[in-house]
Amino acid sequence: LLHTFATTQFIITTQIAGLGRQLSVIREFALTGLSEANTRALYWQIYNQAHLRTHESALPSDILDHTYGYRMHIIALANSGNDQAIGLDTIYQRVVTGLGAIPELLLQIMVLVQQPVGNQFWTLIEEIMPLDTQQTLANHLHLLERRQLIAHRSGDGFVIHDAMRAAVYAVVNTDQSDALILRVANQLAQQSMLPFFEEERNSLQLQIHDVLAIYDILVLVHQRSMDTLAARLIIRWRTVWIRFGLCAQLCVVSEATLYRMGDTHPQKSELLYAIGSFYGHRGIVESTMRFLQQAMHHAELNMMRLVWAQAALECALHALQLIGWQESERLLQRAMAVMNALHYEYWVARCHDTLAYIYMTIGNIRESLTQSNAALALYESQSQSLGLADAYSNRGLIFMALGDYVLARQALSKAEWLFQQYYAPNNVAAVHLRIAAVATLENRVSDARFYLTQAFRQIERVGGFNDLLYVIDIGAGVALAEG
């Protein structure tokens, strides 16, 4: 850190005393506990905010001696019943077991994930809570917050202190933990009964910490070899994983799940389609085509028309450079016929938009614009969606091919705005690459460099190999423009 960010000051917390003596540039400070006055003030603050009136008969006398003035020890003592004759570990565990069924369940769920737990995640799993009409989930969370057992991080969600996390682990056995993971994962894997574009719109409310929390649950399920449940989670959240750039991680978990499931599993076609999609968005073309073609074959054998059409659409786009534009066109026309027969207008629009891209790559701009217009008309007749944003992004490419950089910038700016509204960082990065390309062609070097840098930061994190090639290509153009 010090070598890479020479002008930046860092605060590093550690329980290892003497670490600062290893490097001359580090200054070490020992953090002591609170004073007696501040210790008592914190204790009474928790006592009064949380209305802990059950402890009236055992008010503490030597808080400082028992807690050493450390904040979490004080919080634990205030919440435990003030029995100062027992050890600190027991005090922490007593806090957890004395909360009541629902607050303890909330803490148990929070320790399953390594992320802040936001409102959207709680909403997704609320049905597993045995709530009554008197106390809502929000009431229980805010009571835990007032007792300072959890904290609310603005813009993210609720977080649990490591000391409380350890206490929960100590009182929950393996069977109880596995049963809770199963309940949470089953709830997260429930398929929505809404139309696709409405379900997509609902999922757009998720923030990155919500998505990472769902991923943490998937990892726990995978580690326990609950393969059918893992497959359901992968399939259920496929578009969200892609939107937030988790494709590299999902390729690993999904393939391991696939190989353990075997050939006869009823979800094999959908899982193959999901894996092909993950590889496609990483730009690993050979793997993309292999998994998507397997998905199409398996779906056709099992008469899963929608899965076949979805896999064909993805194959036409992401394997274009291997199968050629004629085969891509053929696959898309067949997929569109299936989607029309099934009355999935959202997917029909995606077929039109993908055809627009295919025709643009071979220079058939007139037909490309016709298909783009058809896609936009279908998307806008339903609702704003990621598909609409994709259509504007591809439209920007079409106008670039025409040499109309003003219209290209307008379309790409619209796509950028939509993707930002939908919290889709991976898609925003792809649009930034295209805006950088337009700026390079217009000789606006500083703008090109700005958008190129923005895109690279995201692409580097998610491992988008095709996009990294575009970064190099556009970067070369910027360097040429700068002489």
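1. Helix α17 is largely enclosed by the rest of the structure, because eleven of its 14 residues are buried. The model is a predicted one. The buried positions of α17 are V307, W308, A309, Q310, A311, A312, L313, E314, C315, A316 and H318.

2. The cover over these buried residues of α17 includes α13 (238-243), α15 (268-282) and α16 (285-301), together with α18 (320-342) and α19 (345-361).

3. As to its dimensions, α17 spans residues 305-318 and reaches 20 Å from its first C-alpha to its last. This is close to the 20 Å expected at 1.5 Å a residue.

4. A second point concerns a pair of helices. Two packed helices are described by the angle between their axes and the distance between the axes. The axes of α5 (residues 101-110) and α9 (residues 174-188) come within 11 Å and cross at roughly 80 degrees. The two helices, α5 and α9, are therefore roughly perpendicular to each other.

5. Which residues form the contact of α5 with α9? From α5 come L105, Q108 and I109, and these meet L180, R183 and V184 in α9. By class, this contact has four nonpolar residues, one polar and one charged.

6. Is S372 buried or exposed? Its relative accessibility is 1%, so S372 counts as buried. Leaving aside residues up to four places away in sequence, S372 touches A356, R395 and I398. With R395, the contact is a polar one between the two side chains, at 2.8 Å.

Conventions:
Residues numbered from 1 in each chain as written. Predicted model: local features only at pLDDT ≥ 70, side-chain atom pairs only at ≥ 80, totals over all residues. Heavy atoms only, no water. Helix = DSSP H or I, 4+ residues; strand = E, 2+ residues; numbered from the N terminus. Expected span 1.5 Å × (residues − 1). Buried < 20%, exposed > 50% of the residue type's maximum accessible area, 1.4 Å probe, protein only. Contact = heavy atoms within 4.5 Å. Axes fitted to C-alpha atoms, helices over the stretch in contact; angles between N-to-C directions. Parallel < 35°, antiparallel > 145°, perpendicular 65-115°, else oblique. Nonpolar A, V, L, I, M, F, W, Y, C, P; charged D, E, K, R; others polar. Polar contact = N/O pair within 3.5 Å; in protein donor to acceptor, adjacent residues only side chain to side chain.
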